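User: I'm new to this one and would like a quick tour. Could you walk me through it?

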Amino acid sequence: MSAREEWIMAGLAALRANGIDAVRIDPLAEALGKTKGSFHHHFAGVEKYHRALLERFEADAVGEVHRLIEAVADLDLSQALARIAVSIRYDARIESAVRGWAATNTAAREAMARVDAARLDALTNLWGSEFGDPKQARIAALVPHLVIVGASVAQPTPSREDMAAVFAVLSSLVPHVGAGMPAETRDCDPG
């Protein structure tokens, strides 16, 4: 692993554990056994470092969305959600930290918005196989999406095992969703 990668991984670990205020160069340098000069060699200041952390978070989160969608491409919706339940690599703690950071930082807010949009789009596409109506597919997709968002702000933060179990419950509900979909959803604004 390159020194730059070590800095990014250490920053993400600090962010995950204690939020953005824990991402401080001196303690990270000490923990990594590196100098501040090493930091400045790889990042042109703290703002660029923060940007690199957000870019990695976003790439990992959106990459996970794409990985899961590819893994379930040939399955029906119920099977797809069941597969997602056992193979999701969702870390509510890092997402919670980024959401907290997003409350006061535009770049974090924009990164989180792109991650949320990628997840919701992917889920809407999955649900599209169940509903011909894109508005209904989006409403149904909001259920697992909002579970993910809720998990990132819940205290205590749910474990990965908890999230897998929640997705297993959601996958078992798929056959009942169409019957429970209110007729008014056909007239909902998807935006």
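This is a predicted model: local features need pLDDT of at least 70, side-chain atom pairs count only at pLDDT 80 or more; totals for chains, interfaces and linings use all residues.

User: What angle do helix α1 and α4 pack at, and are they roughly parallel or roughly perpendicular?

Analyst: Helix α1 covers residues 3–18, and its axis lies 10 Å from that of α4. The two pack at an angle of about 80°. Angles of 65 to 115 degrees count as roughly perpendicular, so α1 and α4 are roughly perpendicular to each other.

User: Which residues of α4 does α1 meet, and how many residues of the contact are nonpolar?

Analyst: From α1, the contact takes in Arg-4, Glu-5, Trp-7, Ile-8, Met-9, Ala-10, Gly-11 and Leu-12. On the α4 side they meet Tyr-49, Ala-52, Leu-53 and Arg-56. By class, this contact of α1 with α4 has one polar and three charged residues, and the nonpolar ones number eight.

User: How is α1 set against α2: what is the angle, and what is it called?

Analyst: Helix α2 spans residues 25–32, and the axes of α1 and α2 are 10 Å apart. They pack at an angle of about 120°.

User: Is the crossing of α1 and α2 left-handed or right-handed, and which residues of α2 take part in the contact?

Analyst: The α1 and α2 crossing is right-handed. α1 brings Glu-6, Trp-7, Ala-10, Gly-11 and Ala-14 to the contact. By class, the contact of α1 with α2 has seven nonpolar, one polar and one charged residues.

User: What kind of pair do Phe-39 and Tyr-49 form, and how far apart in sequence are the parts it ties together?

Analyst: This pair is edge-to-face, at 5.1 Å centre to centre with 85° between the planes. Phe-39 sits in helix α3 (residues 36–42), while Tyr-49 belongs to helix α4 (residues 46–71). The pair therefore ties together parts that are separated in sequence by 10 residues.

User: Are Phe-39, Phe-43 and Tyr-49 buried or exposed, and which residues make up the ring cluster?

Analyst: Buried means under 20% relative accessible area. Phe-39 has 0%, Phe-43 has 2% and Tyr-49 has 0%, so Phe-39, Phe-43 and Tyr-49 are buried. The cluster linked by ring pairs consists of Trp-7, Phe-39, Phe-43 and Tyr-49.

User: Zooming out, how many helices and strands does the protein have, and what share of its residues is buried?

Analyst: There are nine helices and zero strands. The C-alpha trace spans about 60 × 30 × 30 Å along its principal axes. Of the protein's 191 residues, the share that counts as buried is 41%.

User: Where is the cis peptide bond, and what is its omega?

Analyst: Pro-156 falls in the loop between α8 (134–153) and α9 (160–180). The cis bond joins Gln-155 and Pro-156, with omega about -5°.

Definitions and conventions. Residues are numbered from 1 along each chain as its sequence is written. Side-chain values use heavy atoms; hydrogens and water are left out. Buried means under 20% relative accessible area, exposed over 50%, partly exposed in between (1.4 Å probe, protein chains only). Rings of Phe, Tyr and Trp (its six-membered ring) pair if their centres lie within 6.5 Å; planes under 30 degrees apart count as stacked, over 60 as edge-to-face and the rest as tilted. Helices (H or I, at least four residues) and strands (E, at least two) are DSSP runs, numbered from the N terminus. Axes are lines fitted to C-alpha atoms, for helices over the stretch in contact, and angles run from 0 to 180 degrees between N-to-C directions. Angles under 35 degrees count as roughly parallel, over 145 as roughly antiparallel, 65 to 115 as roughly perpendicular and the rest as oblique. Contact means heavy atoms within 4.5 Å. Ala, Val, Leu, Ile, Met, Phe, Trp, Tyr, Cys and Pro count as nonpolar, Asp, Glu, Lys and Arg as charged, and the others, Gly among them, as polar. A crossing is left-handed if the near helix is turned anticlockwise from the far one by less than a right angle, and right-handed if clockwise.
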